[in-house]
Amino acid sequence: MSVSPSAPAPAPAPTTASAPPTQAELLDFVRRTAADAELIASLPLDPEGRTWVRLEGPGGSEAWLIGWPPGTGTGWHDHAESVGAFVTAAGELKEYSLAARLPADGWKTLELTDGVDRERRLPAGKGRAFGRHHVHEVLNESTDEHAVSVHAYYPPLPQIRRYSRVGQVLRLEQVERPEDWQ
């Protein structure tokens, strides 16, 4: 199965007080939170592994403050049915993503077509929102500086699907659920 670049998503509709948060609202939240210097400085940083603290997100969303030691990353993954946003609060992160909508279920291996790869450099203050099934990997490519970021997801993460990638071949390797992260 080949996957081609996807068309741009339509702009999110305005929300009411009882509606779930939109991608734009999640992005606004992570931007405001990333600007809280005291909160960012309070995150304990480990020289060898990522650290994180769960935050109270808007409208029932799940939010995280994450510390990234030099050279660490997430590997290829998606957030299943959740939409999300993240902003770099300190240092710099790089995001590699696929500009393609992948099938939600029923596959183990996909051959990606040319033109689906995207790369974003995200220095402090920069971030992005994303839709359901957004496949990406996030890295701190620095050799000597930690990075810190703020993330928010709605609905709270039901699962994370982890992938391996060799060339244009993407393979589903593992499905994690919240009980796996305890």
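# A tour by salt bridge, core and strand

Start by selecting Glu-119: its relative accessibility is 52%, so this residue counts as exposed. The cut-off for exposed is over 50%. Keep in mind throughout that this is a predicted model.

**Stop 1: the Glu-119 pair**

Glu-119 and Lys-94 form a salt bridge, and their closest N and O atoms are 3.3 Å apart. Now colour the two strands involved. Glu-119 lies in β8, residues 117-123, and Lys-94 lies in β6, residues 92-98. The partners are 25 residues apart, so the pair links distant parts of the chain. Is Lys-94 buried or exposed? Lys-94 is buried, because its relative accessible area is 16% and the limit for buried is under 20%.

Next, bring in Glu-141. Lys-94, Glu-119 and Glu-141 are linked in a network of salt bridges.

**Stop 2: Arg-120 and Glu-95**

Stay on β8 and β6. Select Arg-120 and Glu-95. They form a salt bridge as well, with the closest N and O atoms 3.4 Å apart. Arg-120 sits in β8 and Glu-95 in β6, again 25 residues apart. Check the cover on each partner. Arg-120 is partly exposed at 30% relative accessible area. Glu-95 is buried, at 0%.

**Stop 3: Arg-162 and Glu-176**

Move to β12, residues 160-166, and β13, residues 169-176. Select Arg-162 in β12 and Glu-176 in β13. What joins them? A salt bridge does, with the closest N and O atoms 2.8 Å apart. The two residues are 14 apart in the chain. Arg-162 is partly exposed, with a relative accessible area of 22%. Glu-176 is buried, at 12%.

To widen the view, show every salt bridge. A search of the whole structure finds ten. Side chains of opposite charge can pair when their charged atoms come close.

**Stop 4: the largest nonpolar core**

Select Val-30, Ile-40, Leu-65, Val-148, Val-150 and Ala-152. These have the most contacts inside the largest nonpolar core, which has 17 residues. Which elements each supply at least two residues of this core? They are α1 (23-34), β3 (62-68), β5 (83-90) and β11 (147-154). The largest share, five residues, comes from α1. In soluble globular proteins, nonpolar side chains tend to be buried together.

Centre on Ala-152. Setting aside neighbours within four places in sequence, Ala-152 is in contact with Leu-26, Phe-29, Val-30, Glu-62, Ala-63, Val-83, Gly-84 and Ala-85.

**Stop 5: β5 and its two partners**

Select β5. This strand is mostly covered, with seven of its eight residues buried. β5 and β11 pair in the antiparallel sense over seven bridges. Pick Val-87 and look across to β11: Val-150 stands opposite. Val-150 is also one of the core residues from Stop 4.

Pick Ala-85 and look across to β9: Ala-129 stands opposite. Ala-85 is also among the contacts of Ala-152.

**Last stop: the whole protein**

Zoom out and show the cartoon. The protein has two helices and 13 strands. Of its 182 residues, 42% are buried. Take the contacts between residues at least 6 apart in sequence: 75% of them join residues at least 24 apart. Finish with the surface. The protein exposes about 9500 Å², and carbon and sulfur atoms supply 51% of that area.

Key:
Residues are numbered from 1 along each chain as its sequence is written. This is a predicted model: local features need pLDDT of at least 70, side-chain atom pairs count only at pLDDT 80 or more; totals for chains, interfaces and linings use all residues. Side-chain values use heavy atoms; hydrogens and water are left out. A salt bridge is a side-chain nitrogen of Lys or Arg within 4 Å of a carboxyl oxygen of Asp or Glu. Helices (H or I, at least four residues) and strands (E, at least two) are DSSP runs, numbered from the N terminus. Buried means under 20% relative accessible area, exposed over 50%, partly exposed in between (1.4 Å probe, protein chains only). A nonpolar core is a set of buried Ala, Val, Leu, Ile, Met, Phe, Trp, Tyr and Cys residues joined through side-chain atoms within 4.5 Å. Contact means heavy atoms within 4.5 Å. Accessible areas come from the Shrake-Rupley method with a 1.4 Å probe; for residues, only the protein chains shown count as cover. Two strands pair if DSSP finds at least two bridges between them.
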